[in-house]
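These are my notebook entries on one model. I set down what I looked up, entry by entry.

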Amino acid sequence: MEVNGAAWKPSSWRSKPAKQEVVYDDDAKLTRTVTKLNTLPPLVTPYEIQKLKSSLRECALGNAFLLQGGDCAELFDYCNQDMIEAKIKLLLQMSLVLIYGARKKVVRVARMAGQYAKPRSSPMENVNGVTMPSFRGDILNSYEPDLKARTPDPSRLLEAYYHSAATLNYLRGALSSGLADLHAPLDWSLGHVIDSSVRSKYQQIVTRIMDTLEMMRTIGLDTGSGLETVDLFTSHEGLLLEYEEALTRRLRQPQNTPLQTSDTTTSKSSQTNGTSTSSSHYIRKSSVSASNPLMSYYNTSSHFIWIGDRTRQLTHAHVEYFRGIANPIGVKVGPTMPAEDIVPLLDILNPTHEVGKIVLITRYGHDKIKHHLPAHIKAVQASAHNGTVVWQCDPMHGNGRNATVDLPGTGGTQTIKTRRFSDILSELQQALLIHQEHKSYLGGMHLELTGEAVTECVGGAEGLTEQDLSLNYTTFCDPRLNEKQALELAFLVAGFYREAAENEI
């Protein structure tokens, strides 16, 4: 297959240098594992992937908002009913708030059913005076501070597949059985909000949402299937290319899917003028038939995968792999990316300028965003990719810091990672304003969150302090927003869009 004038196949990346490369001690075991993965069925289907791509097209055109969230790094132990349901319910609740505020469709994507790998700044670390491999996610090694447990094990690739399959199986079953049914009551308690004025503002939004749902029930608009389930897609960082290659399959493109050709004129008009332009065009390709199907390579490990900030080099393995798959893909964009690099990267990954194909996930830090985001926006606007990308703010990864706390069972103080809610909020607010100032559209936010009552990020309406971190600090990687903090961000974004809409009247 040719992509952008160059031959491509799922293994093409092997001829390129790779960052975050994994070295296994047992090559024969790795070969057996990958061979087995190649025989296993896809985890997701081309129809689901195309459906997400159609939704992301709407985000690029300014007609929808992308809500993406989940754990920093999933553990296999997170594959259980309570934790899966907690994330689904939180994302649903957040999306209702965003729908109310932005008055747009919300596309829900979970960092779930595959987010088992994490890039690390160093392959080795010192634990209690012993040098051993860094924990790089359950797909590679164990968090246990033991040299043998930390050695990368190829059999964990299969475990990752099976845990992803189990998570997806329950996710689909729960949604089809009414877990996301809007007839069911949701927990909107706001007792944790300390500031009475903020609590009052949030309560007004909750009241209006509940009044709207009640009105729909009263007049019978809730009797259709539209309120009984929602679309929820899965995502993870495409870090381990051996795993991604094994689950890349050449499959038939679904017929009667939303138009995927570029429509930059429409999208530029939509974003420049701030108008909402319908783009739900469906086509039946006359050349497609049972005997002459159109085929594409799909990564079937997930609906959506992204390239990390550490692996987006233009001439390296990850970009080479990503350029050939039909999935929508994300690219982390941080302060180390020169503005002049962003368009060449888009040229490689999206040479046909397909609207909604690429999600640019910006993650600068609250103190750096104003120095980098404007230049990145201008670079895209000045190119043929203007109006084709989804801009998404990740206010988490650039705002990490350390705190020294007393953790139970550690025998003293320990330095742990945390994040300030005020820093997260600041970066998100700045992103909204910068896009507005540049006549661009912030089409989504990307959060590390959990539906559990963890205490890993300080601040927020409940006023968590560094002393509170020890109450329920459970992450094995980066700190996550708890359910109250995550919902608070949704309230704040909803308020921004609602105020902007009211000011235009």
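How many bridges join strand β15 to β17, and do these strands run parallel or antiparallel? I found 2 bridges between β15 (residues 413–420) and β17, and the two strands run parallel.

Conventions. I note that this is a predicted model, in which local features need pLDDT of at least 70 and side-chain atom pairs count only at pLDDT 80 or more, while totals for chains, interfaces and linings use all residues. Residues are numbered from 1 along each chain as its sequence is written, and side-chain values use heavy atoms, with hydrogens and water left out.

Entry 1, the open sheet. I took helices (H or I, at least four residues) and strands (E, at least two) as DSSP runs numbered from the N terminus, and strands as paired if DSSP finds at least two bridges between them. The order β14-β15-β17 describes an open sheet of 3 strands with mixed pairing. Its edge strands are β14 (400–406) and β17 (457–458), each of which pairs on one side only. I looked up arginine 420 and found valine 458 in β17 as its bridge partner.

Entry 2, the hairpin. Strands β5 (residues 124–127) and β6 (residues 130–133) run antiparallel and are joined by 4 bridges. Asparagine 126 stands opposite threonine 131 in β6. The two strands form a hairpin with 2 residues between them, and asparagine 128 in the turn has a positive phi of about 55°.

Histidine 353, which is not a glycine, has a positive phi of about 60°; it lies in the loop between α10 (339–349) and β12 (358–362). Lysine 439, also a residue other than glycine, has a positive phi near 55° and lies in the loop between α12 (421–437) and β16 (442–448). For burial I used relative accessible area: buried is under 20%, exposed over 50%, and partly exposed in between (1.4 Å probe, protein chains only). Histidine 353 counts as partly exposed because its relative accessibility is 22%. Lysine 439 counts as exposed because its value is 55%.

The C-alpha atoms of alanine 64 and valine 107 are separated by 7.0 Å, although the two residues are 43 residues apart along the chain.

I counted 13 helices and 17 strands. Of the 505 residues, 56% count as buried. Among contacts with a separation of 6 or more, 79% are between residues 24 or more positions apart. The accessible surface (Shrake-Rupley method, 1.4 Å probe) comes to about 20900 Å², and 50% of it belongs to carbon and sulfur atoms.

Terms used. Contact means heavy atoms within 4.5 Å.
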